[in-house]
Amino acid sequence: MAAVELRQVRKRYGEVEVVRGVDLTVADGEFLVLVGPSGCGKSTVLRMIAGLEEVSEGELTIAGKDVRGVAPRDRDIAMVFQSYALYPHLTVRENLAFGLKVRKFPKTEIAGRVDEVAKVLELSGLLDRLPKELSGGQRQRVAMGRAMVRRPKAFLFDEPLSNLDAALRSQMRVEIKRLHRELGATMVYVTHDQVEAMTLADRIALLHRGVLQQVGRPDELYDRPANTFVAGFIGSPAMNLLDGVLVGEPGAPAVRGPGLLVPLLPGSLPAEVEAGRRVKVGVRPHDLTIADIRVATSGDGFQGTLEVLEPLGWEVHLHVRGEFGPLVARVERQALPTPFGAGSPVRLVVDPTKVHLFDAETGARIGGDA
Amino acid sequence: MRRVAALAALLSGLAAAPAAAEELVLWHAYHGDEAAALAEWAAGYGRRTPGISVRLLEVPAESITQKLTNAIPRGHGPDVFVWAHEQLGAWVETGLLAPLPAEVEREAEETQLAGTVDPLVYHGRLYGLPIAFKSAALFRNTRLVPEAPATTDELLAAARPFSDPDAGRFGLAYEVGTVYYQAAWLHGFGGGVRGPQGDLGLTAPGNARSLEFAARLVAEGLVPADANGALVTELFTSERAPFAIQGPWFVADCRRAGIPFAISPLPEVSETGLPARPFLTIETAFLSAGSRHPEAALALLRDLAGPESARLRALRGGQPVSARAAYDDPRVAADPALAAFREQLGRAVPMPTEPAMRALWEPAAFALRSVLRGDLDAATALDQAERRFRIFTRPPPAAADPLPFAVGVGLLLFGAAVFAVRRGRRAQVGARMWRHRRDYLYLVPAGLGVLLLLVVPFVVGAAVSLAAHQGGGEFSFVGLRNFVQILSSADFGLTEPESFYFTLVVTLLWTVLNVGLHLALGIALALLLREPWVRLRGVWRVLLIIPWAVPNYITALIWKGMFHRQLGAINAILGWFGVEPVGWFDRFSTAFAANLATNVWLGFPFMMVVTLGALQTIPKDVEEAAAIDGAGAWTRFWRITLPMIRSSLVPAVVLGSVWTFNMFNVIYLVSGGDPEGRTEILISQAYRWAFSRQEQYGYAAAYAVLIFGILLAFDLLSRRWTRTEASR
């Protein structure tokens with residue numbers, strides 16, 4: 001087991017820089033998920049760790065050893081590919097044994113390890129089949145087994161679940177989590193699916209356009225997103241981000257915008273933030289509640305019209321449009337007023353403690369301790 | 001049959017006699033000055049003879065005999081054609097020629113030079129008129145050697161001071177390994193290509209001594225060992241050889257080079273006191289048996305052989321013409337070259353016209369070359385050649401009763417038909433075909449093509465393998481005797497090159513080595529082209545496909561030239577490293593290697609292209625997974641890449657094997673079977689039986705059927721192999 005460390009790592013293809021100075025430490029035994037939209041450079045980072053791509057600039061160490069220029073096979077890592085990359089002409093047993101065989105392990109040890117891994121992954125009955133005779137989930141397990149059997153210093157996963165259907169994917173998520181607990185190995189896991197990231201990770205590293213946006217525990221990224229990108233990426237449905245201007249005295253701050261007025265917690269803003277500053281106000285859909293339209297209170301909240309109502313059983317997604325633009329709220333079905341339907345006027349309010357503020361220019365978080 | 005057809009054509013020709021202008025068609029293979037002279041004569045004849053026009057058609061020398069054999073019986077051949085007299089016997093036997101009237105023969109004997117008419121008589125009748133003659137003679141550089149040698153001793157004494165093989169200088173340049181030139185020495189030592197009874201063969205006393213004489217010329221470095229026409233020209237015109245033995249066609253080369261030269265008859269052989277007498281070829285105007293205007297054609301023939309035409313051809317075309325009267329012209333008489341060849345005519349031996357002569361060249365050449373190389377002593381070599389010649393010219397096997405065979409084949413076909421009908425009925429093939437009748441209609445043209453181009457020739461070929469060619473296009477049924485003869489290796493010992501099994505082993509070795517090297521080279525280059533650091537990939541890919549894109553006979557001829565002992569690039573390169581010139585075609589190993597190199601060059605691009613395509617189908621991450629799993633490049637190739645492209649390569653290997661197994665062009669054009677036919681493969685051996693060994697078409701067809709059987713078995717085996725592979 002080993003730690004993986006990246007220092008100002010860059011990757012360039014000719015003129016194009018796809019990874020722009022990433023600093024990242026994966027602790028020994030940690031499960032780190034690299035997440036981000038497609039094309040953000042996350043797979044490239046993983047492939048550099050694997051040795052399949054050269055590092056253009058920066059330092060990369062595994063277990064304290066500089067691995068730049070070291071061949072993949074000499075890095076003692078294992079990788080599970082999105083397509084599984086099983087050897088199509090070899091049986092499951094041969095697939096599992098390949099890495100040990102080329103490393104000249106004694107036959108008895110190979111057989112022992114293969115059987116052990118097969119038992120753990122419930123592949124024992126499939127050992128003599130060819131990959132094409134397996135289902136997607138079985139192939140996925142073989143790919144995992146091929147990595148496990150080697151007992152490497154670190155496991156690398158490149159979107160390993162994206163070719164599976166939803167049910168199988170959640171089942172495999174649990175299984176991978178269990179494996180990590182049992183093996184206690186360092187794992188770096190690449191995905192574009194924030195649900196996978198949230199459920200699996202000890203820590204998440206969120207990449208966008210080759211730049212790390214935020215690294216932290218899943219709840220940290222969820223509760224205190226460092227910028228609008230993280231805020232929009234983590235959480236489903238995504239956080240609402242609306243334009244506004246800071247108004248009021250420092251003692252009674254609020255954000256005002258077209259069709260919206262959001263009071264803020266007094267004292268929640270840093271001293272240097274002044275009224276008149278343009279901001280983005282972020283509210284997670286489930287932090288919104290429906291205010292009684294007939295009760296005219298201070299007029300705060302978000303004033304708009306219901307466009308679409310998506311019933312999801314216990315909860316309902318409301319797509320509301322106002323002068324501020326579109327907005328999604330997630331409320332209990334029970335809380336809906338009657339009659340209520342498309343075209344109904346609606347006012348949504350939010351608890352001031354649940355409001356996130358970001359700079360309108362830079363997108364960086366204002367206040368909080370992120 | 002053919003004679004009747006010819007007669008009918010003749011009669012109909014007479015009946016249709018000269019109403020309108022008749023066009024007479026004349027085929028020839030002349031080019032350059034000779035063709036121009038002929039054209040001038042033809043135009044003049046048309047003017048002089050009202051109602052007649054002459055159309056000349058220049059036919060390539062390589063194909064004229066075949067075109068004549070095909071065209072004349074079908075009635076679209078020429079009325080008159082000009083070609084060397086050697087073919088006369090075969091053509092009379094196949095009925096291509098009309099005999100000439102007795103008065104024409106008498107006239108020819110009076111007007112033509114002595115020795116030019118007799119060779120055209122076959123079984124007592126004259127079958128053409130001589131128009132010119134050709135033989136070898138001695139060319140001498142008069143600056144280097146002013147006086148013509150009268151004897152071989154004088155010739156060799158004059159030649160010796162000029163010989164320095166290491167410096168590329170030789171005393172005498174001629175194509176020493178060619179029987180045509182050796183003939184002069186054969187006759188000079190009292191031998192020849194006829195035995196004591198006058199029948200064709202190599203047993204004549206003196207032949208062995210003549211071979212030893214030629215071997216001595218090579219051993220002493222007086223004559224370059226594997227000289228071809230190009231080398232002889234090169235040596236003599238660059239004054240690196242004071243003497244050359246060549247024919248009239250060489251005069252133009254010498255004049256163009258501007259060297260001072262003279263031509264004299266070949267010298268007397270000092271050992272015997274007999275003159276060295278070269279083979280004589282009469283260029284003959286033949287009257288086609290298929291002519292529709294035989295009288296007009298005969299008149300044309302006589303004019304072509306007449307004095308006016310001869311003068312024109314001598315002056316314009318530089319031809320040694322046969323009409324006596326031409327030499328009365330002072331300008332003709334003043335030409336020293338014509339005079340010299342006329343003198344040589346008096347000491348030349350006409351080439352035999354019997355069809356069997358064509359089967360003598362190959363064994364005689366084998367004997368000559370093995371003596372020149374010092375592999376065999378002359379007597380043994382001639383004995384072997386004589387034996388080969390006897391086998392090649394043996395009478396065809398006795399006719400067999402086709403009835404039992406026909407009954408057997410009939411029963412077999414009937415059984416197959418019954419089986420097919422029952423299977424078809426069960427699967428309702430008829431009904432289904434009817435339902436899709438329009439679709440089948442669209443398939444008819446392709447189906448007809450396959451039937452005519454594949455099925456019919458195949459069936460005919462298979463049928464011919466059961467027959468023996470009796471000469472003149474007549475076949476007799478012999479059952480499986482051809483196969484028995486081939487497979488029992490009845491005529492040849494197992495280790496003789498003509499034995500089926502010897503050739504089979506060579507063919508298998510040839511195929512395995514070629515395909516192995518094609519694969520190795522093709523895969524290696526494909527893998528290299530895939531490497532990310534390779535620049536200009538597209539350019540390389542095109543360059544590497546070029547050997548495949550060039551027609552293979554051109555490539556074969558280029559490689560043949562490169563392997564030439566004196567002129568070839570390969571010996572020149574080896575020479576830089578101090579390697580003595582290698583006679584590539586003197587030994588089996590080197591001749592085989594030369595063939596192999598040529599065919600590897602021709603074949604690797606195909607495997608490279610197939611491999612490149614197959615590599616595209618391998619997902620990149622599978623190879624990456626192997627790299628992470630711990631496999632180095634070598635292991636990755638053998639354990640992952642190769643197994644994954646194997647299923648694409650197997651069909652290519654099968655195809656490549658079949659092509660290589662039958663790669664006639666390379667064998668025929670590069671080594672030509674040298675030495676002694678040992679580098680022949682089955683297909684080129686079949687060709688020899690058909691075309692240079694007495695037209696044993698049935699025997700050759702049996703070879704072809706055996707080749708088909710071997711390749712079919714190989715294909716079925718490989719299918720089974722890939723099937724088990726796929727079902728794994």
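**A guided tour of chains B and A**

Select α2 (33-48), β6 (129-135), α11 (294-305), α13 (330-333) and α14 (336-345) of chain B: they are among the elements that cover the buried residues of α12(B). This is a predicted model, in which local features need pLDDT of at least 70, side-chain atom pairs count only at pLDDT 80 or more, and totals for chains, interfaces and linings use all residues. Residues are numbered from 1 along each chain as its sequence is written, chains are lettered from A and ligands numbered from 1 in the order in which they are written, and side-chain values use heavy atoms, with hydrogens and water left out.

Next, select helix α12 (residues 307-317) of chain B, whose buried residues are B:S309, B:A310, B:R313, B:A314 and B:G317. Buried means under 20% relative accessible area (1.4 Å probe, protein chains only). These residues lie on the same side of α12(B), because they cover an arc of only 130 degrees around the axis. Just after α12(B), B:G318 has a positive phi of about 65 degrees.

Then display helices α7 (residues 179-188) and α15 (residues 361-373) of chain B, whose axes come within 10 Å and cross at roughly 75 degrees. The two are therefore roughly perpendicular (65 to 115 degrees). Contact (heavy atoms within 4.5 Å) involves B:V179, B:Y180 and B:Q182 of α7(B) and B:W361, B:A364, B:A365 and B:L368 of α15(B).

Finally, turn to chain A, where an open sheet of 6 strands with mixed pairing has the order β6-β7-β8-β3-β9-β10. Strands pair if DSSP finds at least two bridges between them. β6 (77-80) and β10 (211-216) of chain A stand at the edges.

Technical notes
Axes fitted to C-alpha atoms, helices over the stretch in contact; angles between N-to-C directions. Helix = DSSP H or I, 4+ residues; strand = E, 2+ residues; numbered from the N terminus. Parallel < 35°, antiparallel > 145°, perpendicular 65-115°, else oblique. Buried < 20%, exposed > 50% of the residue type's maximum accessible area, 1.4 Å probe, protein only. Arc of directions from axis to C-beta.
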